[in-house]
Amino acid sequence: MNVLFYSAGGDRPAEWEAALRAHLPELVFRVWTPDAAPFAADYVLAWQPPAALFAGQTRLRAVFNLGAGVDAVLAADTLPAHVPLIRLEDAGMGQQMLEYVAHAVLRRYRRFDVYEEQARRREWCPHALVARPTLGVLGLGVLGRAVARGMHALGFTVRGWSRSAQALDGIACYAGAAELDTFLAGSQVLVCLLPLTADTAGILGRDTFARLPRGAYLINLARGGHLVENDLLEALATGQLAGACLDVFAREPLPPQHAFWTHPRISVTPHVSALTLLPDAARQIAAKLRALEAGETVGGVVDRARGY
């Protein structure tokens, strides 16, 4: 079993090899570099791979994406159409996403952001609690469902939107273009967890913001390509949006001179809302490799036409 590994961040290839070999001692593991000797791979494990990685690979049986978003792999036009692309199914990321959203929402709802500013001024000024905001989760995939259920368990009113109809206990679910406006109109905090596709690129823009309640708050944990940056700045300037918490950006790392760094109503984190947990991911991938080698079907296969 020949496995070719690549991560755009150069993330711990030796640790990945050790974690996989604990489950698959027979695997042959190679790290791809542009100048590496040719290696005929049965499987590729990759995060944001260049198109050159797939060039000349004639015996590929599957590609595993080492994160939540598969848009970078789909953009590689050298990946043969018949080769299945398999995403991680949670692998610990759902809990992390929930923790991130809970922190962002509670920080704002409980006015911890205001108290931090006051503390720097040595100002003692308690504020009355306001009503809990209604959360709208845009995208009800594995991670979106985890966030919606977890925030509902914390006592928040949660609504969710997805392309196709879903049902979640205690959560108002909306589906399709016909129900998007209704979903947005009741979402005082909008959490974006959509896959990035041709249909969703730029969805966080002027039209969407105008359909939210005035003074809504945005949390984008999906992809930077969902957000129209100038439209966000405009919505903040007019008061249509009260603030935003952003973990993903069109260009990463976010350039030092970017306006988001210093905007008083934008919080920035460096794409850390859900990190791939190596032991969990390696265990899941190893089980799927075993299944594929046995001729069995596996979960998490991406519909390449839809982009997720």
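Two strands pair if DSSP finds at least two bridges between them. By that rule, Val28 of E2 is the bridge partner of Asn2. Helices (H or I, at least four residues) and strands (E, at least two) are DSSP runs, numbered from the N terminus. This is a predicted model: local features need pLDDT of at least 70, side-chain atom pairs count only at pLDDT 80 or more, and totals for chains, interfaces and linings use all residues. Residues are numbered from 1 along each chain as its sequence is written, and side-chain values use heavy atoms, with hydrogens and water left out.

**The five-stranded sheet**

- Five strands form an open sheet in the order E2-E1-E3-E4-E5, with parallel pairing.
- Strand E2 (28-31) and E5 are the edge strands, each pairing on one side only.
- From one strand to the next, the twist averages 25°. Axes here are lines fitted to C-alpha atoms, for helices over the stretch in contact; angles run from 0 to 180 degrees between N-to-C directions.
- Strand E1 (residues 2-7) runs parallel to E3 and is joined to it by five bridges. Val3 has Tyr43 as its bridge partner in E3.
- On E2, E1 is held in parallel by four bridges.
- H1 lies across E1, E2 and E3, and runs at about 165° to E2. Contact means heavy atoms within 4.5 Å.

- Buried means under 20% relative accessible area, exposed over 50%, and partly exposed in between (1.4 Å probe, protein chains only).
- In a regular strand the side chains alternate between the two faces of the sheet.
- On one side of E1 sit Asn2, Leu4 and Tyr6; on the other sit Val3, Phe5 and Ser7. Both faces are covered.

- Strand E10 (residues 216-220) is mostly covered, with five of its five residues buried.
- Strand E9 (residues 189-192) pairs with E10 in the parallel sense over four bridges. Val191 stands opposite Ile219 in E10.

**Helix H9 and the segment after it**

- Helix H9 (residues 278-293) has 16 residues, which at 1.5 Å a residue should span 22 Å; its end C-alpha atoms are 22 Å apart, in agreement. The expected span is 1.5 Å times one less than the number of residues.
- Buried residues of H9 include Leu278, Ala281, Ile285, Leu289 and Leu292.
- Their cover includes helix H1 (13-21), strand E3 (43-47), strand E4 (62-65) and strand E5 (85-87).
- Just after H9, Gly295 takes a positive phi of about 80°.
- Glu296 also lies in the segment after H9. Glu296 is partly exposed, at 49% relative accessible area.
- C-alpha to C-alpha, Glu296 and Leu184 are 41 Å apart in space, and 112 residues apart in sequence.

**Helices H3 and H4**

- The axes of helix H3 (residues 93-109) and helix H4 (residues 112-120) come within 5 Å and cross at roughly 65°.
- Leu106, Arg107 and Arg108 of H3 meet Phe112, Asp113 and Glu116 of H4.
- By class, this contact has two nonpolar, no polar and four charged residues. Ala, Val, Leu, Ile, Met, Phe, Trp, Tyr, Cys and Pro count as nonpolar, Asp, Glu, Lys and Arg as charged, and the others, Gly among them, as polar.
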